[in-house]
Amino acid sequence: MAVSAEDSARLLQGIPDPPGRFVNRAEPLERLSEAVARAHAGGPRRPVVVHGLPGCGKSALAARFAREWQATRDQPAVWVPAHLPPGADADTVLLRLADRLGPPSAQLGEALLTREEPSRQLLRAACQVQLLHTAPALLVLDDLPEGDRGSAALAAVGALCRGTDTVVVVTSGSRRTGAAVPVPHLTDAEAQDFLGPRTEARAREALVEAADGLPLLLGIAAGLARDSDRPDLTGSLDPAGLVGSAVERLSPLAAELLAALAAWPTGRMPETALPVAVAAPAGQGATAVQELRRSGLVHGAGPGLLCLSPVLGRSQLLPSSLGAPSVHVLEQRIVSAAARGTLPVEQGLEEYVALAARGLARGGPADAGGPALGAPAIHAEWAIFVPRLAHYLSLSVRPAALLTLKQAGAEPAVSLHLAVAARNAGHLQEAHLALSRLGTPAALVEVARTEHDMGRLDDALSTLGGLSDEGTGALATWTRRTRAAVLADTGRTEAAKDAFQLAAEGSKRQVRDSPRLCWHRLHQLRLAMVTSRGTAYTQSELDQLRERFDALGDVRGVAWTTTEMARYWLLTAHSRPMQTPEGALAGGRVFATEALDRHVRNGDPRGRAWASLTLGLVEAESGRHTEATKHLNDSVEMFRALPDLVGLGWSLHHLALTAGYTRRDTDRAVTLLAEASGCFTKAGNLLGAAWTGLEQSLLDAHFVGTTAPSKYLDRAQARFTFPAGSTWVGIARAVLARNEELRQALVRQLAGVYPSSLLDQVHGDLDSRTPPLPRAARYTAPGSSSALPAGPVGASRAAASHVRLVLLDEAPATDGTARIGLRVEPGPEHPWADPEAVPPWLTVRALALTRADLRPEHTVMIKPSLRPEDGTEFRFTPRRPGRHRLRFTIEHHSTGVVLQQVETAIDVSDADPGRHRASPEPGRLRPVAPGAPALSLPRRGN
């Protein structure tokens, strides 16, 4: 099976970093390659065991082979750390395997909500599903422990791989049953070559003798060789003396870091956490870490993860002078920093999970045999750290790691996140029940979000109605945002705009790059696309939002934003002046296919269903009805299984259009429309119910005749919540009455609301193979033109609003800072200038197009006004001399319509920064929605 580039990158992340120096072990590499090739060629499927003494380079050899295998053969290789801390068993290895394989299986999602710990059978079933999906050709179990625990782990993994094409490679200190690949010591010649010719001859001989042919000790020797003038390098050294000499040469801080790593239970720690654990002075920790790396005493065990070499951690080679710092103190410093949010948990995530599990298993961070926690402040920090860690695991779709926390006893503290992760895995009804049982305000917001996902929109609004959204706290803000998102999907667009406005007013200054704020913005963009079909800025905003989700590690956010990007191309297929609809639909197909793949990898069946629906619509608009029917049928099955009433309703609705017109199966179309109508009614989705009523009037009433058309049309009239809806009802009446003159007149009324290429598809022939009311018309609910004050794009200066940029300080030198003031000034004849008017909120986004910082990075809200205090300020910090270009985007907040983009330039010089001033330049005009106020730019010198 060919592995995708993204899966390849994800799987490679688990493979340890290549060593700084790698001696070409041609013979063991060849034996390893031959053993794996024999197994793949149909030979005995025994594990391939790479064995040798600690420090001989087993892991480096296996990592080199795994990377080359995946790069040259385009087949997945999975790396699983098999070391087991005290008390752990084979289930720990299975959970790591499940976490590494991806996508998460349904069994793991189900286990998140069970009262009991997941059984060995469940874990095996979950891993089996994931193995069949990822189909790795190579699975490496690194550092398998000796004794019964290691044998049990190997047997469990071997049983999983039986009957598959996966070959298991094991690195172990001893030979086990299987194809053996011994890793011998280096010869003296190879060791001399490892050290290199720059090392003085006598010192090189002493170091080679002390290293005893072990690459690990030779790496330490190479560090010592940089200081070859010391007399002790020319005498006799043993391994302990070699390590002792390396430790002696460390700076005090680097030695303290090494002692902390040696005392740490697993011998591996996130690189960013190690300086925190010893309370290293700011700015010095990273330097000391690099010093440790150069010494050869530690090495990378994955991205951002440091590992004490096993031969040092399991022997007496480290000198006793290092001391033994308190594990309790180390743990507490890390937990405190993570709880405060100053220590990110993204890098080395497995170690943070292991830390949380150890603390939970013993009731708090205490040394073995030492006192349990008693300080309330310490308990409080752990009470923040564990849920915060669980929240990130939920965002990054790591159910296996969540199960590790659950097994350690974290369920009371992380029950909310377990239920949310289960919901995201498609267990909507089970998650709804679990969240309802919790009963806390935070859980009730998640209950409403679950009801939203299930398409029970009225129920979600009812649940939110029992919660207070007063104030500016996080819970009140999240409640308002959830209500706005639900209202947007009911079809009540004006109410949704007001709700988004209310949510923004309560959180104007929140950091842009929080996951919740990114999801809130995604829902805002969805509403903006429904009400205005999207603009070029919408596409840019979606691109940026996807990057933010990716930076936050929110893989679900990335996938759902990709789905919305596909919808954007679908919505704008008929409104792109420089591109044919076919070209735009091709873009929609690319994004919908990518979104479908991402949702599958994330184990998100609801996301997969919506991506399938979107792909089906793209194919239907492209005239590929066979492909469209397949994707729409797939989405129907998935939406039924979840269930999601809104998604099911739209899938049935569009299937009915294909069946009724393209395939002329009117009876089936009527049945599908009736079920779709029931879904929309139960869901409380007015837009879907209205459009379904129109199609029922045309298909059911005209072809079947079971119900009078007026019944459907009257219902649709009552359910449309935007002005153009009434016109569509009138067009349907004209089509049924075969009144071509009236139909054409009504279509002309929509000329300022819909693209002409879409309106050209409206026809009055009920016997046609295409719907009289274009499929694309139901993708949007264009808002009333009165939503924005009138003011044509070509208005006079007095009737327009103007963006005013002012440099409030001297132009800064490189790395200096200057303030830039921005306000929107309505002209005297503009409606916003009326003293009785209530100007709307506008949002301003700033972007530096050159190497500079422009803060704040988040959205700032202002109101149009002549008063300077109603504007806002940005701080500009250039990072290089020369001309810098800055872009400011002004958007009507409640509708998401972009009013203007302003670009300006500031010249920065290191020599005489005071001479330079901001030079505002005319920005490129963006399309302005009908009825939107015109904004003009200040010219040079204004």
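Glutamate 331 is buried, with a relative accessible area of 0%. The model described here is predicted. A search of the whole structure finds 35 salt bridges, and the count of cavities of 30 Å³ or more comes to 7.

**Glutamate 331 and its partner**
- The side chain of glutamate 331 meets that of arginine 358 in a salt bridge, at 3.6 Å from N to O.
- This pair links distant parts of the chain, with glutamate 331 in helix 16 (residues 327–340) and arginine 358 in helix 17 (residues 349–361), 27 residues apart.
- Arginine 358 has a relative accessibility of 16% and therefore counts as buried.

**A network of salt bridges**
- Aspartate 453 and arginine 423 form a salt bridge whose closest N and O atoms are 3.8 Å apart; aspartate 453 belongs to helix 21 and arginine 423 to helix 19, 30 residues apart.
- Both aspartate 453 and arginine 423 are buried.
- Arginine 606 forms a salt bridge with aspartate 644 (3.1 Å, N to O).
- Because arginine 606 lies in helix 29 and aspartate 644 in the loop between helix 30 (625–641) and helix 31, this pair ties together parts 38 residues apart in sequence.
- Arginine 606 and aspartate 644 are both buried.
- Through shared partners, salt bridges join Arg423, Glu446, Arg449, Asp453, Arg606 and Asp644 into one network.

**The largest cavity**
- The volume of the largest cavity is about 880 Å³.
- Its lining has 42 residues, of which Asp489, Arg526, Glu564, Arg567 and Trp610 are the closest to the centre.
- Elements giving two or more residues to this lining include helix 19 (399–424), helix 21 (441–453) and helix 29 (605–621).
- Helix 25 supplies the largest share of the lining, 8 residues.
- The lining residues divide into 18 nonpolar, 11 polar and 13 charged.

Terms used: Residues numbered from 1 in each chain as written. Predicted model: local features only at pLDDT ≥ 70, side-chain atom pairs only at ≥ 80, totals over all residues. Heavy atoms only, no water. 1 Å grid on protein atoms, 1.4 Å probe; cavity = no way out; pocket = protein on both sides within 12 Å on 5 of 7 lines; lining within 4 Å. Points joined across faces, edges and corners; volume = space filled by probe spheres on them. Helix = DSSP H or I, 4+ residues; strand = E, 2+ residues; numbered from the N terminus. Nonpolar A, V, L, I, M, F, W, Y, C, P; charged D, E, K, R; others polar. Salt bridge = Lys/Arg side-chain N within 4 Å of Asp/Glu carboxyl O. Buried < 20%, exposed > 50% of the residue type's maximum accessible area, 1.4 Å probe, protein only.
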